[in-house]
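The sequence and model are shown first.

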Amino acid sequence: ANSTMTALGTTVFEVMSALAREHKSVNLGQGFPDDKGPEEVRAAAADFLLNGHNQYPPMMGIPELRQAVAEHAKRFQGLDIDWQSEVLVTSGATEALGDCLFGLIEPGDEVVLIEPLYDSYLPMVRRAGGVPKLVRLEPPHWRLPREQLAAAFGPKTKLILFNTPMNPCSKVFDREELSFIAGLCQQHDVYAICDEVYEHIIFDDRRHISMMTLPGMRDRTVRIGSAGKSFSLTGWKVGYVTAAPELMKAIAKTHQFMTFTTPPNLQWGAATGLRLGDGYFSNLAADMQRKRDRLATALAEIGFDVLPAHGTYFVTADFRPLGFNGTDEEFCRHITVEAGVTAVPVSAFYQSQEAPRYFARFCFCKDDSTLDSAIARLRAHF
Ligand code: PMP
Ligand code: GLN
């Protein structure tokens with residue numbers, strides 16, 4: 001058996017974006033905004049690039065960004081974070097996830113994961129020697145199956161890794177669900193790694209609740225954020241990890257040999273972003289909500305069964321009412337080639353063969369004109 005990373009396929013995001021380029025389709029697959037991101041943030045990074053110190057920044061990240069991460073956690077979550085011992089800057093949330101998994105998992109440790117899951121989680125958990133214990137959410141409401149979740153925890157469980165707001169199914173965990181998970185973490189002495197990259201992309205007056213704010217969870221939660229998502233700058237790959245000092249030591253040990261550091265001008269830009277006023281963050285959410293409505297309404301009119309989307313860049317749509325009989329992979333390929341619109345098959349976010357194969361994930365963080373042209377193409381086709 002081939003146990004190297006070469007046994008993996010290419011990530012669905014790259015596959016679908018390449019197909020979109022080949023067929024010149026409107027790419028609503030891979031999640032990246034059309035928006036250029038706040039001018040002040042880009043200007044700060046540009047100015048630093050021209051005039052700043054462009055050599056290795058400190059391994060933990062520049063102090064300005066680590067302080068900004070701590071202030072932002074205080075402002076939005078009421079958390080008191082010590083920026084010196086509890087904040088680490090990484091090259092995107094992707095590196096943050098790798099640092100946490102490689103830093104905290106010992107071979108044979110069990111890791112609880114919630115399906116559908118972001119595509120990098122499973123390969124990384126496995127490569128770290130972790131044994132995945134998957135619990136599945138069922139559409140259309142994606143409620144937490146409490147009994148199954150409780151059964152997934154045991155004496156070998158080291159940590160749970162989950163994502164809220166959740167890619168790809170756009171679920172936002174509420175306080176009751178988080179409390180239930182928190183209870184299990186404490187009962188079994190388990191860490192929670194929370195991928196909170198969409199913390200500001202949340203809709204309909206919901207509020208993002210960080211697991212770190214729940215009773216008993218302050219020192220057993222690792223919180224991960226991304227400037228890519230909070231400032232619509234996905235190419236920057238600036239992430240940040242917040243964790244209690246003991247956990248942070250293990251995570252930082254991995255980071256030092258993974259990337260060691262992240263471009264200083266982008267860190268400076270991200271610090272500027274995290275200090276933007278409350279209005280910036282509420283506008284970001286309002287803007288994305290409007291885009292969600294624009295796309296979701298049109299997809300429903302075209303005949304898709306559109307699922308609720310409470311956060312993230314994405315809406316999930318069941319294509320069976322359109323009369324398409326193939327799998328989700330076939331559907332996404334079909335609309336790319338025949339309609340000129342690209343989406344991502346949701347089964348790519350599952351480990352198992354029995355994944356639902358009738359959902360396409362559409363990304364709505366695009367200019368209205370891009371959304372309208374995708375909608376027009378789908379209308380013309382179906
Ligand atoms: N986690 C989730 C749930 C994501 O959707 C993404 C990126 N889209 C990442 C992590 C990776 O973020 P970054 O680009 O900052 O590495
Ligand atoms: N997270 C983005 C998405 O879900 C893609 C990230 C990537 O391309 N690796 O679309």
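How do the residues of the shell around ligand 1 divide into nonpolar, polar and charged? They divide into three nonpolar, nine polar and two charged, where Ala, Val, Leu, Ile, Met, Phe, Trp, Tyr, Cys and Pro count as nonpolar, Asp, Glu, Lys and Arg as charged, and the others, Gly among them, as polar.

This is a predicted model, in which local features need pLDDT of at least 70 and side-chain atom pairs count only at pLDDT 80 or more, while totals for chains, interfaces and linings use all residues. Residues are numbered from 1 along each chain as its sequence is written, and chains are lettered from A and ligands numbered from 1 in the order in which they are written.

**Ligand shells**

Ligand 1 is surrounded by 14 residues, a residue being near a molecule if its C-beta atom, placed from the backbone, lies within 6 Å of it. The closest are Gly92, Ala93, Thr94, Asn167 and Ser226. Helix 5 gives the most to this shell, three residues; helices (H or I, at least four residues) and strands (E, at least two) are DSSP runs numbered from the N terminus. Around ligand 2 stand Thr11, Phe13, Gln30, Gly31 and Asn167. The classes for both shells are tabulated below.

**Helix 5 and helix 10**

Helix 5 (residues 92-104) packs on helix 10 (residues 245-258) at an angle of about 120°, and their axes are 8 Å apart. Axes are lines fitted to C-alpha atoms, for helices over the stretch in contact, and angles run from 0 to 180 degrees between N-to-C directions. The angle makes helix 5 oblique to helix 10, a term for what is left after angles under 35 degrees (roughly parallel), over 145 (roughly antiparallel) and 65 to 115 (roughly perpendicular). Helix 5 contributes Glu95, Gly98, Asp99, Cys100, Phe102, Gly103 and Leu104 to the contact, and helix 10 contributes Ala250, Ile251, Lys253, Thr254, His255 and Met258. Contact requires C-beta atoms, placed from the backbone, within 7 Å. By class, this contact has six nonpolar, four polar and three charged residues.

**Domains**

An automatic or database assignment gives domain 1 (5-30 + 279-381) and domain 2 (39-276). In the domain contact, 27 residues of domain 1 meet 27 residues of domain 2. On the domain 1 side, helix 12 (278-302) and strand 10 (314-318) each supply at least two residues, and the largest share, seven residues, comes from helix 12. That side has 18 nonpolar, seven polar and two charged residues.

Note on methods. Two residues are in contact if their C-beta atoms, placed from the backbone, lie within 7 Å.
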